[in-house]
Amino acid sequence: ASNGSREGAAGAWLRTPLAPGEVITAQSGAFERDPQESSTTDEELSRTGSPGSRGGGSSTTPDYGEKRLPQALIIGVKKGGTRALLEAIRAHPDVRAVGTEPHFFDRNYEKGLEWYRNVMPKTLDGQITMEKTPSYFVTNEAPRRIHSMAKDTKLIVVVRNPVTRAISDYTQTLSKKPEIPTFEVLAFKNRTLGLIDASWSAIRIGIYALHLENWLQYFPLSQILFVSGERLITDPAGEMAKVQDFLGLKRIVTEKHFYFNKTKGFPCLKKPEDSSAPRCLGKSKGRTHPKIDPDVIHRLRKFYKPFNVMFYQMTGQDFQWEQEESDK
């Protein structure tokens, strides 16, 4: 399926590999729950992984059914809103999803499909099995590996303004490693010349057009849904309607599932997974970003603009990240 001639403009000058261990640094070892990435409780986790479990602590599915390989994957992007999307779609009775990130197609592939299947929750006929691992989107081998599992797998990518995504990514790493250099130092190869360091993963992940080229060698655009991380906050029900349509589900997750939490600044689920308590994303979400020099932000916007435009053309969707900037 791969053909070398697809090397597009985005790829030509950015083929430098990620620095060793770069994608992995922000998250801990294989299949451990990253507290920054997951709001799943340990109790839920122990239920998810144990044999005959209900996979995620929901009381909607009894202990029968079977474990199946996922038919749909949330493949990215890190700090885009993937946890919010996963929690919202898990409120749908026809979806069963793993709470943790299995990292199968990037870190655990050698364990084989049976291991992967075993990580999944049990489902009944007609239910969709899902998982999310945001690093898949930037993993070179992931499209080929997923395609060889099932070429009709549906893929969901949550994207957000690459500048705010990069700052959010940095903020997450900073909370775990307070000794790291400032955002400004990491973002530039040469500050005087204003040369952005595109090999730093926080910057590189946001070059969406570059990564998407890789996926389009294996999957048609019709099998990939791009969800706006911004609209997931301003209009969660609207974005969830698109997700449910894409997955071929009845529109069950609607306005009545969400309320806006003023303290956190984003919507929370009212009654996910049949529990009566409202569910907000964990304290690692909605962190206050450090103040970044406006000049650095301006240079980053300029850097991303051609890639954003290319991404809009490739997907046929305008995410309006440029308009957003001019409003401020």
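**Annotated site, sheet and cores of a predicted model**

In an unreviewed UniProt entry, K79 is listed under "active site"; UniProt positions follow the numbering used here, feature names are shortened, and annotations may be inferred rather than shown by experiment. The model is predicted, and local features need pLDDT of at least 70, side-chain atom pairs count only at pLDDT 80 or more, and totals for chains, interfaces and linings use all residues. Residues are numbered from 1 along each chain as its sequence is written, and side-chain values use heavy atoms, with hydrogens and water left out.

The protein contains 14 helices and 11 strands; these are DSSP runs numbered from the N terminus (helices H or I, at least four residues; strands E, at least two). Of its 328 residues, 55% count as buried, where buried denotes under 20% relative accessible area, exposed over 50%, and partly exposed in between (1.4 Å probe, protein chains only). Among contacts (heavy atoms within 4.5 Å) between residues at least 6 apart in sequence, 73% join residues at least 24 apart.

K79 is placed in the loop between β2 and α4 (82–90), and K79 is buried, with a relative accessible area of 10%. The "binding site" annotation of the unreviewed UniProt entry also covers K79, together with residues including R83, R160, S168 and H289. R83 belongs to helix α4 and counts as buried because its relative accessible area is 2%. S168 lies in helix α7 (residues 162–176) and is likewise buried, at 9% relative accessibility. When residues up to four places away in sequence are not counted, S168 touches K79, R160 and H289.

Five strands make up an open sheet with the order β3-β5-β2-β6-β9 and parallel pairing; two strands are taken to pair if DSSP finds at least two bridges between them. Since β3 (95–97) and β9 stand at the edges with a single partner strand each, one side of each is left without a neighbour in the sheet. On average, neighbouring strands are turned by 25° against each other, direction ignored. Axes are lines fitted to C-alpha atoms, for helices over the stretch in contact, and angles run from 0 to 180 degrees between N-to-C directions. The parallel strands β6 and β9 are joined by five bridges, and I156 stands opposite L225 in β9. Helix α10 packs on the sheet, where it touches β2, β6 and β9, and its direction makes about 160° with that of β9. Helix α12 (residues 236–246) also packs on the sheet, touching β6 and β9, at about 170° to the direction of β9.

In soluble globular proteins, nonpolar side chains tend to be buried together. A nonpolar core is defined as a set of buried Ala, Val, Leu, Ile, Met, Phe, Trp, Tyr and Cys residues joined through side-chain atoms within 4.5 Å. The largest such core has 34 residues, of which I146, W215 and F311 touch the most other members. Elements that each supply at least two residues of this core include β2 (72–76), α6 (142–149), β6 (154–159), β9 (224–228) and α13 (294–315). The largest share, five residues, comes from α10. Neighbours within four places in sequence aside, F311 is in contact with V159, Y208, A209, L212, F226, F319 and W321. A second, separate core of 24 residues includes M130, V158, L225 and L249.
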